[in-house]
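Dear colleague,

I am handing over the structure we spoke about, and my notes on it follow below. Please read them with the structure open beside you.

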Amino acid sequence: MRSNIVTEAGLPTRINQWWGSIPFITSGVVIVCSVIYLICLLFGYDSFYEICFLPSQIVSHFQVYRFYTSVLFHGSLLHVVFNMLAFVPLGSELERIMGSVRLLYLIILLSTTNAIAHLIVALLVDHNPIHPYAYFMNECSIGFSGVIFSLIVIETSLSGAQSRSVFGLFNVPSKLYPWILLVLFQLLASNVSFLGHMCGILSGFAYTFGLFNYLLPPPSFYASIESSSTLSFCIRRPRFILCTGGTTYGQLPTYSSGTGTTQPRSLLPDNLWRNMSSWIPQRGTSVVQEGQDPRFPGRGRTLGSARNQSSTTDSDSNLQERLLDDTAPTHAPTDLRDVRNPTVNTVEVDGSVLTNQGSDSFEEELKKLVAMGFEKTQAEVALAAADGEPSVAIEILMSQQVNNDLIS
């Protein structure tokens with residue numbers, strides 16, 4: 001009898017802890033999609049013709065709003081639940097690494113590029129001279145799964161794993177993992193948009209290969225949003241993660257081994273981004289770090305965190321370069337134990353001086369994670385992304401394991 005009481009009391013607690021661990025933007029997307037579905041359910045709206053992604057209507061009436069409305073609407077309870085359960089581990093991990101504002105921009109960017117790719121392919125298939133096929137032009141598709149497939153590609157590139165498990169049944173090479181999922185869902189599920197999922201995968205690879213560099217704003221754009229007085233209520237939420245420590249273009253690591261030192265330039269001039277940022281009311285100043293490797297994302301941190309990240313930037317960059325570069329290192333990497341030894345750092349946050357005691361050495365924490373059963377490469381990347389905090393690293397690793405079971 002006592003065990004039953006403990007189980008009944010523990011389930012709500014576990015759910016609250018799980019929900020409380022989800023970052024701000026990720027939880028916001030879940031809430032928005034769920035509320036929209038409930039409103040459609042209450043009002044009996046189930047045609048979706050006015051809001052779905054329909055290439056023929058976009059071309060004939062220039063209904064660009066369908067790029068974004070189609071992402072937020074879902075056709076059934078199973079549809080929205082399955083998509084959100086797949087999105088939570090992906091979004092949570094990327095938001096902790098990139099920051100909340102950067103992830104929101106990434107979702108909007110992927111929604112746009114997925115829709116454009118979908119539209120172009122549908123037009124090419126419909127107007128090909130050999131055998132015109134108008135099905136894709138008249139296909140009405142909705143759901144967040146296209147963005148999820150893009151995030152699968154990005155998260156797989158970030159993890160550094162050589163293979164991924166498909167529903168715990170068998171392992172496949174990481175580069176083939178999104179394509180295997182595409183084929184499996186096409187075979188196992190009905191009413192699935194093959195073209196929408198495929199375009200999501202293509203957009204994800206385009207992002208990891210750096211083809212969207214010209215569409216990514218500089219860190220000053222994110223910093224101006226985070227310092228805006230208008231959005232201070234959202235930014236001060238406990239689960240909001242700042243983009244502090246972000247790189248110039250906020251890319252995720254890729255497996256390309258280019259040796260060039262010239263950083264890509266943004267499609268829009270930096271002056272334009274600064275002018276756009278100047279329109280936003282400011283509540284403070286933010287320091288933007290320069291001279292970082294553009295292939296790696298920012299170390300997101302929770303608002304109010306007093307960790308000094310300047311002492312670990314070089315060591316983390318060397319670690320990720322050593323893990324992800326195909327070429328052999330030309331010089332001995334920096335010993336992480338030298339920069340992560342327990343020291344006392346003084347950081348000024350909001351005018352107050354805080355003292356931060358360093359954690360245990362990086363190597364010792366890595367050994368503990370390996371002893372817990374995690375793969376060494378993934379544990380090393382997760383610990384570096386967590387700035388040496390084992391609890392955050394374990395949370396990232398656990399989200400990866402959940403992702404392998406729930407991804408759609």
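Helix α6 passes helix α10 in a right-handed crossing (right-handed if the near helix is turned clockwise from the far one by less than a right angle, left-handed if anticlockwise; helices are DSSP runs of H or I with at least four residues, numbered from the N terminus). The contact (heavy atoms within 4.5 Å) is made by Val101, Arg102 and Tyr105 of α6 and by Tyr222, Ile225 and Glu226 of α10. The axes of α6 (residues 100-126) and α10 (residues 219-226) come within 9 Å and cross at roughly 115°, the axes being lines fitted to C-alpha atoms over the stretch in contact, with angles running from 0 to 180 degrees between N-to-C directions.

This is a predicted model, in which local features need pLDDT of at least 70 and side-chain atom pairs count only at pLDDT 80 or more, while totals for chains, interfaces and linings use all residues. Residues are numbered from 1 along each chain as its sequence is written, and side-chain values use heavy atoms, with hydrogens and water left out.

Val153, which lies in helix α7 (residues 145-159), is buried at a relative accessible area of 3% (buried means under 20%, exposed over 50%, partly exposed in between, with a 1.4 Å probe and protein chains only). Leaving aside neighbours within four places in sequence, Val153 is in contact with Pro178, Ile201, Gly204, Phe205 and Thr208.

Pro178 is also one of the buried residues of α8, together with Tyr177, Leu181, Leu182 and Phe185. Seen down the axis of α8, these buried residues fall within an arc of 140°, so they line one face of the helix, the arc being that of the directions from the helix axis to the C-beta atoms.

Technical notes. Helix = DSSP H or I, 4+ residues; strand = E, 2+ residues; numbered from the N terminus.
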